[in-house]
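Subject: The structure and some notes on it

Hello,

Here is the structure I promised to send over. Have a look at it first, and then read on for my notes.

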Amino acid sequence: MFNAITITSVHVLDQDEALDFYVGKLGFVVGDDVDLGHMRWLTIVLPSDPNRHLLLEVPGPPSMSEESGAQLRDLLTKGALGAAAILTTDDCQKVYDTLKAQGVEFTQGVEKQPYGIDCAFRDPFGNHIRVTQPTGEPVTITDEDKARWSGRPVS
C-alpha cells in the first residue's frame with residue numbers, strides 16, 4: 001500500500017538554531033526551505049539518504065492550536081517526547097568524540113549493547129537522539145540486558 005516514509009517531523013523551538021545544530025554539527029543538508037506565508041517548510045536530509053526528510057517544525061499553528069503548541073513546547077524542553085531519531089553509523093566512538101568536542105550534550109556515553117554500540121544526546125531543544133553502530137549479527141537479549149535497561153538490579 002505504501003512505498004516509503006519520506007518525511008518525519010521533529011519539533012524544534014527555533015528553525016534557524018535547528019539548522020545550526022543539525023546542519024552545522026550533525027552533517028545534515030537542507031532539503032527544502034520554503035516560506036509558505038503562514039509557516040516555514042524546512043526539511044533536512046542526510047547526504048547518504050536524500051529521500052528521507054526531517055521536517056523541522058515549530059509546534060503551534062497552523063498544524064495545531066496555540067494552546068496545544070505551548071503544551072508541546074513545554075514537553076519538548078523537558079525532554080519528555082522520547083526519541084526524535086535513531087541515526088546509524090559505522091563508527092559510534094568517532095561520532096561521540098566529534099560531537100562531544102563540538103559541545104553536544106550527551107545523555108549516554110558510548111556503550112556496547114547486544115545489538116551493537118550506541119550513545120545518546122539531546123538537541124538544543126530537548127529532543128533525544130540515539131546513535132547506533134549496528135552489530136549486523138543476530139541479536140540475543142539476555143535477562144541481564146532486560147534488567148539493566150529497566151533499571152532493576154542485575155542478579
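A salt bridge, as I use the term here, is a side-chain nitrogen of Lys or Arg within 4 Å of a carboxyl oxygen of Asp or Glu. By this rule the chain has 8 salt bridges. Before I go through some of them, please keep in mind that this is a predicted model, in which local features need pLDDT of at least 70 and side-chain atom pairs count only at pLDDT 80 or more, while totals for chains, interfaces and linings use all residues. Residues are numbered from 1 along each chain as its sequence is written, and side-chain values use heavy atoms, with hydrogens and water left out.

**The chain as a whole**

The chain holds 4 helices and 8 strands, where helices (H or I, at least four residues) and strands (E, at least two) are DSSP runs numbered from the N terminus. Their order from the N terminus is β-α-β-β-β-α-β-α-β-β-β-α. Along the principal axes, the C-alpha atoms fill a box of roughly 55 × 45 × 35 Å. Of the 155 residues, 32% are buried; buried means under 20% relative accessible area, exposed over 50%, and partly exposed in between (1.4 Å probe, protein chains only). The chain exposes about 9400 Å², and carbon and sulfur atoms supply 52% of that. These areas come from the Shrake-Rupley method with a 1.4 Å probe, and for residues only the protein chains shown count as cover.

**Salt bridges**

One is Asp16, with N to O at 2.9 Å. Arg40 lies in strand S3 (residues 40-46) and Asp16 in helix H1 (residues 15-22), so this pair ties together parts that are 24 residues apart in sequence. The other is Asp33, whose closest N and O atoms with Arg40 are 2.8 Å apart. As for accessibility, Arg40 is partly exposed at 24%, Asp16 is partly exposed at 47%, and Asp33 is partly exposed at 42%.

Arg130 and Asp118 also meet in a salt bridge, at 2.8 Å from N to O. Arg130 lies in strand S8 and Asp118 in strand S7 (residues 116-122), so the pair ties together parts that are 12 residues apart in sequence. Asp118 is buried, with a relative accessible area of 0%, whereas Arg130 counts as partly exposed at 23%.

**Helix H2**

Which residues of H2 are buried? They are Gly69, Leu72 and Leu76. These residues cover an arc of only 65 degrees around the axis, which puts them on the same side of H2; the arc is that of the directions from the helix axis to the C-beta atoms. An α-helix has 3.6 residues a turn, so residues three or four places apart point the same way. The buried residues of H2 pack against strand S1 (7-11), with contact taken as heavy atoms within 4.5 Å. After H2 comes Gly79, which has a positive phi near 70 degrees.

**A surface patch**

Val139, Ile141 and Trp149 form a nonpolar patch on the surface, with about 250 Å² of accessible area together. Patches are made of residues with over 30% relative accessible area and no salt bridge, like charges being joined within 9 Å and nonpolar side chains (Val, Leu, Ile, Met, Phe, Trp, Tyr) within 5 Å. Val139 lies in the loop between strand S8 (128-134) and helix H4 (143-150), and Val139 is partly exposed at 42%.

Best wishes
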